[in-house]
Every structure is written in structure tokens, then in C-alpha cells.
Amino acid sequence: MTSTAIVVLLCVATTLAIAKNPERVGSFPVKHAAFTSIYRTFDKQSNRTSYDLLITAFNGVPFSTDYAYIVRDVGRYMHSVESITPQKLTDKVTWPNEISGVPQYVFNTSMVAIPDGFLVPFKTKGGIKLVNITGSGASIPVRITEESGEDWFYHRVQWVDMDNDGDYDALTCRARKPLFGSEEGELLWYENPSTPSVRPGWTPHVIAKGPDVYFQHYRLNTPNGPKSCILTAQFFTKSLSVYWTEGSDWLHLGNVKSRIIDNTIGAVFDVIVNDIGNDGNLDLLVTTNDVTNGTVWAYEIPPDFRTGKFARHMLASGFKPRNQGVGKGAPGSAFPIKYIVPQKKAPVLLSGDDDGRAYLLSAAKDDIRDWTYTLQPFLDVGMGTVGQITVEDINKDGSLYIFVPAYTQGQVHVFHYQP
């Protein structure tokens, strides 16, 4: 292996199945490309589904301008990737993070959510901003979070009916680190005012202190019926936790319960709920970000997540940044690919973050009970940083296109992958 000393739990070498790596299609320039995502939209008039590529780009230089971009109907460019010129959505953002498309049923139109802000001088005052993308030009974002002097930053948004009133609210986490004192984090949601047009300044409702960056809402089954749950990857407090409500909504905090799943694995970076094992049972795909031993984990969700044991499996470890420095770490987020072959574990895409690589993790055996994975890099940008990857079957032919932002290079690389 390379000097990064990536350690993967393996069975006997002769039993390993080497998966085919994604094939490079091309790349196009986006200075400081950081986060990518795919926004699936449906046009009722043309009866057509299209896939827009969303990209954020930020610069650590104080007072510099940051951007959000869109590549509309990105599938039409797969034979000429180098010709892509992203359209600027807005430059009225500050260190934009995980950009995402708002489901069309939330506002009955196409909107993009941009959470922003970070622990960088003069870029610490973040928020959540919504941009209408139905027009052809750049739009002015509507800020739904508070206009305050508090230096909160936001990384992810999900749309969930938190108060059971039929409207979809903005679920998020936020964090800050005062000049003097410890880091703080909050799990909260912003109440949708259900006005004809999107207006600023939604009412915040704090659920709990502690969660800070990434999370995922999911309805998990229990012997007493499904529960509305929020899985949290708590980076600063180094905890993987689950919050849930025993009631019908999240307004009544007396009904909200929580449980620490694991607080022994270090700084938890991200958590995704998915049937990784492809056995009909949900799992958690978790990464921890570290300077010497970043890891990828899978947790099997027990029949009752409130009391049962989450069986833990290490998929890969030993990740570290090639360049040491403040804020450096590896790996980033991991994304399971829904496998089309029954009884085989899902492959996993992984951003190496500051180790400068993008990886494919593949099950070593055709055995859903075996959690041994092989790790193969399919992109190496050297001493640079790889941002958040996105993947989608944009041409609806059963194959996948993978978009990898190479922040330091200022490129978005495109790969084709046939599971």
C-alpha cells in the first residue's frame, strides 16, 4: 500500500474479489469546488425527469467571494464533459457547505438550500439560504435563519414535517466555537410559516444541545411501530447518537428521547442510513475524521434501536491528511451505492478529504454476513483536498455517474461506474 498506511480488514487474500473501478469520463473547471449534489426534478408539462448538478465553492481568504453553481440537465454533457460551464446561482453566500435541492413538493417549485458559514475569520456568521432556480439567471437568496450576531455555521438541511401540520420544516444542526470557550452545537428545526412565497426569518425550535454538523432523519421501526428519528454525527463531542420522539411531533420536548450509540470512535464526521448489507435490514454508514487514523464503520441497526445493541464493523481505517495543519483530517463522507445484484453488500464511495483521494469500497466476498471490504482509490489529486462526492443514474440506464470535486485543483472530475 501507499504511505498513507490505509488498513482494511481483509480475509485470506485468495478469497478477495477485486471490483472494477469507476472509469474516468473527464473534468471541468470550478475554482475551489467543494460540495456537489444532484437535484432530481420533474417537469409536468414535458413529462420529463432531469438531473441538475449543484456545486459550492468557497475561499479561505478573508472577505473573498464564495459561490454556488448549477449545471442544468447535466446528463446531456456526458459525451463532452470538458465543455461544461456551470451557471452561477448566487455569490451571496459565505463559505457554502452541503448544497441540496429542496423536494419540489415543499414549495411547489424548484428551490435549492445552501447552509453556510465556518470556523474561518470573517466567515463565521452562517445561515440557511434558499434560492429559486426556476429562472435562468442568478437569484438573491432568502435567508430563513435568524439575522443575529451569533457565529453559527450550518452544514446540512433536511425537509421534515416536524410539527405534524402538513408543511415541511427545515431540520438542521449548527455549531460555533467562541474565541474563548468550548465548541457548541445544537440540533434544531426552523418552522415553515406556510406563506404563499418563501419569506425570511423562520421560527427556530432547539431540540437538543450537542449535535453539531451532520445528521440524518429517518423513520425507524420498533416493536411499537415506526418512530421519527434523527441520527447525529457529533464531531466536537465525539459521539454517534440517536434522538427520537415518542409522540406525533417534535414540538413537545417531553416526548423527545436520546441515546448514545457509540462514543469511543473519535470525531464522528458523517452518518448515513442505508441497507448496506442488502439483506432487508437498515444499517448506519459512519465515518470519523482524524489526523492519524480516520475510519469507516458500519453499524447494524437492531430490531429496537432504543434498547438493542448496534453491532459495529470496521470497513477501513488508517486515513490521514497528506499535509498536516490546522483543520486538516481524513476521510470525509461515505455514500453507499444501491446494489442491483441481490444478496451482495452495497459498494461504498468515499471522499478522502485531505488525503487527496476518492475511493471505492467493495465487499470482499459474496456473503452478506461477511463485513470485509477492499479499498481501491479511483482518483488521486496528490497533496490536495477532495470534497463531497455525489452519484446518480442520470441517464436512467442502470449505470452511474460520479462527480468528485477536487478543491485544490479547481476541477470537478466525472467518472462512469457500472455496479
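## A buried valine

Val213 is buried, with a relative accessible area of 9%; the word "buried" here means under 20% relative accessible area, while exposed means over 50% and partly exposed is in between (1.4 Å probe, protein chains only). You'll find Val213 in the loop between strand S13 (203-209) and strand S14 (214-220). Helices (H or I, at least four residues) and strands (E, at least two) are DSSP runs, numbered from the N terminus.

Who does Val213 touch? Setting aside neighbours within four places in sequence, Val213 is in contact with Phe153, His155, Cys173, Ala233 and Phe235, where contact means heavy atoms within 4.5 Å. Thr172 is 41 residues away from Val213 in sequence, yet their C-alpha atoms are 8.3 Å apart in space.

## What you're looking at

This is a predicted model, where local features need pLDDT of at least 70 and side-chain atom pairs count only at pLDDT 80 or more, while totals for chains, interfaces and linings use all residues. Residues are numbered from 1 along each chain as its sequence is written, and side-chain values use heavy atoms, with hydrogens and water left out.

## Two cysteines, no bridge

A disulfide is a covalent bond between the sulfur atoms of two cysteines. Counting a pair of cysteine sulfur atoms within 2.5 Å as a disulfide, the total comes to zero. Cys173 is in no disulfide, and its nearest cysteine sulfur, that of Cys229, is 14 Å away.

## The whole protein

Zoom out, and the secondary structure comes to one helix and 28 strands. The C-alpha atoms fill a box of roughly 60 × 55 × 50 Å, taken along the principal axes. For 419 residues, a compact globule would have a radius of gyration near 22 Å, and the protein agrees with its 21 Å. That radius is taken over C-alpha atoms, and the globule rule is 2.2 Å times the number of residues to the power 0.38.

Buried residues make up 57% of the 419. Among contacts with a separation of 6 or more, 53% come from residues 24 or more positions apart.
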